[in-house]
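Hi,

Here is the structure we talked about. Please have a look, then read my notes below.

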Amino acid sequence: MLDGEHSPDQSPRAGLVPLSPERQRALLWALMLGNFVTGTGVLLPAGMLSELAVGLNVSLPLAGSLVVVSGALVAIGAPLIAAFTSTVDRRFLLVLAMAVYLLAHVIAALASSFEVVLGSRVLIAIAAAIFTPQAAATVGALLPPERRSSAITMIFIGWSLSTVGGLPLGGLIAHEYGWRTAFWLVAGMSLVSAIIIWLTVPSRVSIPPLNLASWKSVLTHPALMTVLLVTVLNGTGQFTFFTYLSPSLKTSLGADGPLLTVVLACYGVAATVGNVIASRFIAQLGAPRSAFVALLAMSAGLAVWGAGAQLLPIVLIGAIIWGLGTFATNSVQQARLASIGPSVTSASIALNTSAIYFGQAAGSALGGLMIGAGALAYLPWLGSGILLLAAAVSLVAMRYEHE
């Protein structure tokens, strides 16, 4: 048992009435929807970066900082929020996150300057820092141990769906009707999600307080920290290119809004398929091996894209291979952490959320520096190399996990 873990009678589910199978399914669908909305809001600027840059009269790297800033703030905020909100009712906390999301996207839709949109991204970061880890913690509090890994994997399918529907649709709407309309769309989805979560998540659900021993258990555990490093490298490798996907496609293929939507949709469908496959076979293959395969797929996909960036069929093949591993990795990493330290899941998943967004911020910043140096065409190759490094680190983590 890790230092700071709770004994069975101190588990998050102590004193709770077990949910019926129907209520469990409703809970997972509601949290999946919340993750869909969260993922769409976080990724939305990447699907309409060119429109934002023109509309706000800023450069592409500066527009990309919308992803950098929100990512960095979530990285800092997720563990702090987890540390200070353990006694707060989960339903209230999750609905609050969606309410903040609604407010932030209304502000962005009405913004008259880049600075106001940047401020709205701060609010978005706060909401994402609440929702993503606390949705997983809520699952851990309400479901039996044998169901937690697959359930956490399932609710993160919402992130995959945000790339299938939310991100491409947002980019297409931004191209056809303006970027403000895309922000209004996410605001509306936030309202719907808040209502459904309020009606679905039981009240008076809290989790055990995270004391210093809990954080120490995570921060000094070699397997957990190495897995978290894999998450950082995964996000960095992907967002070095993903944030600037729109201008990259415009440069290499002269892509307009509809073509960008097609490429993003292929990527997103593949991401969803990969996540579904991961959720179904993670028990047989194991989370560590699943993560390694997914990282290799992403690295290979970006390499294929970089090699054939001037040819649409090659780009689509690369997008599909890349997508198959994308959100499978995120959800598998969550399950991986939960299996290593089940009683400090709230802390480890909060730190994993930080790692995800830190990687996004680092990758977006690195991609911006590459664009500033005139190296836009090399972004997929750089991303592929970082993801290959992530796969190597994942192998090291597997050794720690088996000790």
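Buried means under 20% relative accessible area, exposed over 50% and partly exposed in between (1.4 Å probe, protein chains only). Asn-57 is exposed, because its relative accessible area is 70%. Asn-57 also has a positive phi of about 60 degrees, although it is not a glycine. Most residues other than glycine have a negative phi. Asn-57 lies in the loop between helix H2 (49-55) and helix H3 (60-84); helices are DSSP runs of H or I with at least four residues, numbered from the N terminus.

Ground rules: this is a predicted model, where local features need pLDDT of at least 70, side-chain atom pairs count only at pLDDT 80 or more, and totals for chains, interfaces and linings use all residues. Residues are numbered from 1 along each chain as its sequence is written, and side-chain values use heavy atoms, with hydrogens and water left out.

Confidence: pLDDT is the predictor's confidence in each residue, from 0 to 100. Its mean over the chain is 83, and 91% of residues reach 70 or more. Over residues 1-15 the pLDDT is below 50. Among the elements, helix H4 (residues 90-110) has the highest mean, 95. Helix H6 (residues 145-155) has the lowest, 74.

Val-201: this residue sits in the loop between helix H8 (179-200) and helix H9 (212-219). Val-201 is buried, because its relative accessibility is 1%. Beyond its neighbours within four places in sequence, Val-201 contacts Leu-27, Leu-31, Arg-91, Leu-94 and Thr-138 (contact means heavy atoms within 4.5 Å). Arg-91 also lies over the face of Trp-198, at 3.9 Å from the ring centre (the cut-offs are CZ of Arg or NZ of Lys within 6 Å of the ring centre and within 35 degrees of the ring normal).

Aromatics: the structure holds eight aromatic pairs. Rings of Phe, Tyr and Trp (its six-membered ring) pair if their centres lie within 6.5 Å; planes under 30 degrees apart count as stacked, over 60 as edge-to-face and the rest as tilted. Phe-242 and Tyr-267 have ring centres 5.5 Å apart and planes at 40 degrees, so they are tilted. That pair links helix H10 (residues 222-242) to helix H12 (residues 257-285). Tyr-267 is buried at 3%. Tyr-267 and Trp-322 are tilted too, because their planes are at 55 degrees, with centres 4.6 Å apart. Trp-322 belongs to helix H14 (residues 312-340) and is buried at 0%. One aromatic cluster takes in Phe-239, Phe-241, Phe-242, Tyr-267, Trp-305 and Trp-322.

Best wishes

Definitions and conventions:
Helices (H or I, at least four residues) and strands (E, at least two) are DSSP runs, numbered from the N terminus.
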